[in-house]
Amino acid sequence: MKQLSTKVTSNGHGQDSSYFLGWEEYEKNPYDEIKNPNGMIQMGLAENQLCFDLIESWLAKNPDAASLKRNGQSIFRELALFQDYHGMPEFKKAMAEFMEEIRGNRVTFDPKKIVLAAGSTSANETLMFCLAEPGDAFLLPTPYYPGFDRDLKWRTGAEIVPIHCSSSNGFQITESALQQAYQQAQKLDLKVKGVLVTNPSNPLGTALTRRELNLLVDFITSKNIHLISDEIYSGTMFGFEQFISVMDVLKDKKLENTEVSKRVHVVYSLSKDLGLPGFRVGAIYSNDEMIVSAATKMSSFGLVSSQTQYLLSALLSDKKFTSQYLEENQKRLKSRQKRLVSGLESAGITCLRSNAGLFCWVDMRHLLDTNTFEAELDLWKKIVYNVKLNISPGSSCHCTEPGWFRVCFANMSEDTLDLALKRLKTFVESTDCGRMISRSSHERLKSLRKKTVSNWVFRVSWTDRVPDER
């Protein structure tokens, strides 16, 4: 028998996670309003489909970009031929300016320090190859995006050590949690090369506070390690707060152009803000010239196509469009999130208060038979197979508390979302806990939880996150 590599024979990809298994079940029986009204509704996919009409309207008004023309003349042959893997200068300039616009133009991005990649998956893996040897570790706050087990570890050989965050403070990062994770890595004889965070968080749907960002920068400064800030949801903020990038913090701390700034790297993508995951456009931004040089060479394994760069450079260079798009996108996300939260509340289910992203972090601890991850998976299976909703259990996101779920809301129509919420409410009301809920108001529900399940901590589901310490 032919010998195969360990990459082929191991399960390091993480495909057996409930996160991916839910997708597989959905693909077997996808919901369709006409063709399959009893099929499974996909609520486990963080896609932004709310503003396609705005992009389609722009394409209709700018036919040259879509048909690969410049001033009415075809540039098909030019785009069809080999392009340098450094990327088109006009596209990198447009990307840099769009990233600045999302951050209120408070910080600047040098296009020469941008490395293009085939999505944030490729960007994050490339940074792992640049920063870590096999067996080195990165610290990640929990809960975190399940795909990171694949993106960061599978091919690079890097390790993940969790920074355990708790619902007691809205899953915020604390200094003690950072120190404990660092010490745990040392006990495991792992060399810590850095910290990776998503800001805004996937799956929490919350942006990091200035206090947390200051803490992170101080921590990586004291340990002489790297910080990767994955900011692919930066344009999805829909609360009153402004998005605060790690670049804002470097500027405020007067750390720009310092050795610390060379160890802070930003990952970005157009997959979430513009809803274009199929275009495979990601980027790395780094102040370290060696990282930029090496990552650019590595990008030859995952380039962004020439026609994609040409089209999007035209779209992103239209400042009137990008301004209107970002504003309308945030309005629609806020409205859709409110619709989900309201529907869940009517079923007696609450969420972590969120201000960004394409999903909510939903608290179903009161629906568990026991306070265990086995009970969480049992509940998840009922929701997948009986209710026919694919949602992501918290255990797939490495949450340390059973009963939390990530539920996406921007990848479907309002009617489909309403149907999903109706199905879920019917299911909840069919349970013993659900029958109790239906006989009481929402306020009575919170009181009942405190009285009957005193060994659980329910008090934080709808409390505000700790305010910034400025």
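**View 1. The buried side of helix α12.** In this predicted model, helix α12 spans residues 289-298, and its buried residues are Ile 291, Val 292, Ala 295 and Thr 296. These four sit on the same side of α12 because they cover an arc of only 125° around the axis. Turn to the other side of α12 and you will find Glu 289, Met 290 and Lys 297, which are exposed. What do the buried residues of α12 pack against? Their partners are the strands β4 (114-117), β9 (264-269) and β10 (282-286), together with helix α7 (119-131).

**View 2. The cap on α12.** Asp 288 caps the N-terminal end of this helix. Look for its side-chain oxygen, which lies 2.9 Å from the backbone nitrogen of Met 290.

**View 3. The seven-stranded sheet.** Seven strands form an open sheet with mixed pairing, in the order β4-β10-β9-β8-β7-β5-β6. Which strands lie at the edges? They are β4 and β6 (159-163), each of which pairs on one side only. From one strand to the next, the twist averages 25°. Helix α7 packs on the sheet, where it touches β4, β5, β7, β8 (226-230), β9 and β10. The direction of α7 makes about 160° with that of β9.

**View 4. Strand β9, enclosed.** Is β9 buried or exposed? Six of its six residues are buried, so β9 is largely enclosed by the rest of the structure. In a regular strand, side chains alternate between the two faces of the sheet. Both faces of β9 are covered: one side carries Val 264, Val 266 and Tyr 268, while the other carries His 265, Val 267 and Ser 269.

**View 5. Two parallel pairings within the sheet.** Strands of a sheet pair through backbone hydrogen bonds, either parallel or antiparallel. β8 and β9 pair in the parallel sense over four bridges, and here Ser 229 stands opposite Val 266 in β9. Strands β5 (residues 137-141) and β7 (residues 192-198) also run parallel, joined by three bridges. In this pair, Phe 138 stands opposite Gly 194 in β7.

**View 6. Stepping back to the whole chain.** Of its 470 residues, 55% count as buried. Among contacts with a separation of 6 or more, 76% come from residues 24 or more positions apart. The chain exposes about 21300 Å², with carbon and sulfur atoms supplying 51% of that area.

Key: Residues numbered from 1 in each chain as written. Predicted model: local features only at pLDDT ≥ 70, side-chain atom pairs only at ≥ 80, totals over all residues. Heavy atoms only, no water. Buried < 20%, exposed > 50% of the residue type's maximum accessible area, 1.4 Å probe, protein only. Helix = DSSP H or I, 4+ residues; strand = E, 2+ residues; numbered from the N terminus. Arc of directions from axis to C-beta. Contact = heavy atoms within 4.5 Å. Polar contact = N/O pair within 3.5 Å; in protein donor to acceptor, adjacent residues only side chain to side chain. Pairing = 2+ DSSP bridges. Axes fitted to C-alpha atoms, helices over the stretch in contact; angles between N-to-C directions. Areas by Shrake-Rupley, 256 points an atom, 1.4 Å probe, with all protein chains shown as cover.
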